[in-house]
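Thank you all for coming; I would like to take a few minutes to walk through one model and some of its local features. Please keep the structure open while I talk.

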Amino acid sequence: MSKLPTRADIDNQYKWNLSVIFESGEDWGSEWTAVHNRLKDLREYEGHIARDDETLLRALQLFEEILRRTQRLRLYAQLKRNEDTENSAHQERLHKSNRLDRDVTKVTDMVRREIQAAGRETIMQAVDEAEKLGVYKHFLDDVLRMGNHARSSEVEDLLADFTEVIESPIRVYSSVTNNDIKPQPVETSNGKQIEVTGVNLGKQLRYRDRAFRRRAYQSVYEEHAAVEHTIATAYADKVNAQVALADARNYNSVREMAFNKPSYPETGLHIHLPVEVHDALIAAIRDSLDPLHQYYERRKAILELDELKAWDLGVPLADANEPSVSYEDARDHILTAVEPLGESYKNRLEEFFASQRIDVYETKNKQNILAYGPWAYDTGSYLLLNYQDDVRSMSILAHELGHAIHAEYLREAQSPVYATGARPIEEVPSYIHELLLIHHLLDVDDYALRQYARDRLLDVVQGIYGSTLHSLFTHKTYRTVEDGKDLTLDRIEEIYTDLLSEFRDPMEIDTWAKRGWLVGSHGRLPYHFYQYALGTAGALRTVEQLLDGTVTPHEYHDFLRAGGTIRSVEAFETLGLDIRSREPFERACSAVEEHVEELGTVK
């Protein structure tokens, strides 16, 4: 039977080197103690932070230092835990990192309260009069803006103490899905036993053998259905906790709180996205579902199916055998693909590939996700992959590298307080990478690669619909609790089923399809799916402009460098998009329609 390798089975060149962050767990522990002690130094400013310009400056510099060093501690703890989710030492280190985060929050909230208490006039006068405070102007403006959501020191400390309690449903879901769900191996048509996981299910659903796809899909979803009450309870508890937190923070809804949450990595800044953007996105996509329905109808016809099932959505429509793409080949293709972004950009990417910051292959007990790329100011980004040697994995690698190089531009251009990516714009660079890779592959002298690149192109562009569906699922489940109703298993499934019927009308909505909500990004904070829809719309337009010369590589680099010095709506405007209107999203849906019409016609 095909079994997952252990970490020891993987060559070092395909594993990240975390000793660059900390040489050992002991070094991590020493830094943890040092940072914890610095909190006492910052606490000594309580009561007089805004007394004079020099005191305010020193307090802000220490605030910045603590958050920067905490980023590094958190990054190492997360990465070590994700190497092996069952390693108790790694789990304990992550818990200790979370406890430090809680203590840091208490002290940094004190700094914010004192700035807010001093008032805008006093603080901005100090900025105008003290040259060294000028670098903190955007940060201080953000702190003052968030004053309506600040509470007393007693309440803030209590909320900080309850952070782990509030996030416990996320840990329950993660523990269940990573450690307790063990799908049964699935037999191929030639008798080979394949171990199916939540990570590699996407690969198994690309098999031409429909009976195998069905068995693979059911193997994963049967296991999730066996613990559906646990998952539903964890999800409902997460929603209830976030609703209570939004109320405690004086927000009108969890959505409003999510659109003003801390940016990433956390530097003290918050994102600022009007809820009207989300409304425009949702309305535009729901009114433009015809291209998606046409895509499903076309898929059903090409596959010659009487009924389109959930396990039929991932099988390629290309009329060629799927090419194998090694990690090394993927690297070379991606480096060629980014040439429209300029030589300096390509050089950065080459340096990143050589830096041993990518953990490439799926191994036993590794974090059960496709990929992600956390980063810290002092270290840059690290990529966790579960690479599958195919076009889809190559595209996902390109996606995560978009995040990584964005981080490099931020680290170069910004001080630690502004080296942070606002959630609404952070998916633009990653989807630009994917689209440029596809454009490159469509021109290679390899028929199979061209066909699978076209297949992947349609996956990427029509993904705006999937992101919107899941964003609506989040919105409707949270609104259910905000309206005073209980979020039961039946109600969750009803919400999901209604959305499936709306978005995936040509598909058979059977019991297996209705279970789709069980396998999702429930481990993340609420309302994160909207950023993928924004990213798709932004990337489609920006790639058009990069290729026709309307946007130059230098202008795009400036977009990457902006970070926390510009708000999300204005950042999109620098790329020529007004995300407060329906136009960018309608344009993206039109792109889906164009590619659906080309299905089967381009060689």
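Let me begin with a term: a helix here is a DSSP run of H or I covering at least four residues, and helices are numbered from the N terminus. With that in hand, and bearing in mind that this is a predicted model, we can turn to Glu-114, which lies in helix 3.

Is Glu-114 buried or exposed? Its relative accessible area is 19%, and because the limit for buried is under 20%, Glu-114 counts as buried. Leaving aside neighbours within four places in sequence, Glu-114 is in contact with Tyr-45, Glu-46, Gly-47, His-48 and Ile-49. Glu-114 and Tyr-45 are 69 residues apart along the chain, yet their C-alpha atoms are separated by 9.6 Å. Helix 3, which spans residues 88-118, also holds Asp-103, and this residue is buried with a relative accessible area of 17%. Asp-103 touches His-36 and Leu-39, again not counting residues up to four places away in sequence.

Helix 19, residues 447-482, and helix 20, residues 489-503, have axes that come within 10 Å and cross at roughly 145 degrees, and the crossing is right-handed. On the side of helix 19 the contact includes Tyr-465, Leu-469, Leu-472 and Phe-473, while helix 20 contributes, among others, Ile-492, Ile-495, Leu-499 and Phe-503. By class, this contact has 10 nonpolar, four polar and two charged residues.

Now some backbone geometry. Most residues other than glycine have a negative phi, and most peptide bonds are trans. Asn-250, in the loop between helix 11 and helix 12, has a positive phi near 65 degrees and is partly exposed at 43% relative accessible area. Tyr-527 also has a positive phi, of about 65 degrees; this residue sits in the loop between helix 21 and helix 22, and at 2% relative accessibility it counts as buried. The peptide bond from Tyr-264 to Pro-265 is cis, with omega near -10 degrees, and Pro-265 belongs to the loop between helix 12 and helix 13.

Finally, the second largest pocket, which holds about 590 Å³ of space.

Note on methods
Residues are numbered from 1 along each chain as its sequence is written. This is a predicted model: local features need pLDDT of at least 70, side-chain atom pairs count only at pLDDT 80 or more; totals for chains, interfaces and linings use all residues. Side-chain values use heavy atoms; hydrogens and water are left out. On a 1 Å grid over the protein atoms alone, a cavity is a set of points where a 1.4 Å probe fits but cannot get out, and a pocket is an open set with protein on both sides within 12 Å along at least five of seven lines; lining residues have an atom within 4 Å of a point. Grid points are joined across faces, edges and corners, and a volume is the space filled by probe spheres set on the points. Axes are lines fitted to C-alpha atoms, for helices over the stretch in contact, and angles run from 0 to 180 degrees between N-to-C directions. Helices (H or I, at least four residues) and strands (E, at least two) are DSSP runs, numbered from the N terminus. A crossing is left-handed if the near helix is turned anticlockwise from the far one by less than a right angle, and right-handed if clockwise. Contact means heavy atoms within 4.5 Å. Ala, Val, Leu, Ile, Met, Phe, Trp, Tyr, Cys and Pro count as nonpolar, Asp, Glu, Lys and Arg as charged, and the others, Gly among them, as polar. Buried means under 20% relative accessible area, exposed over 50%, partly exposed in between (1.4 Å probe, protein chains only).
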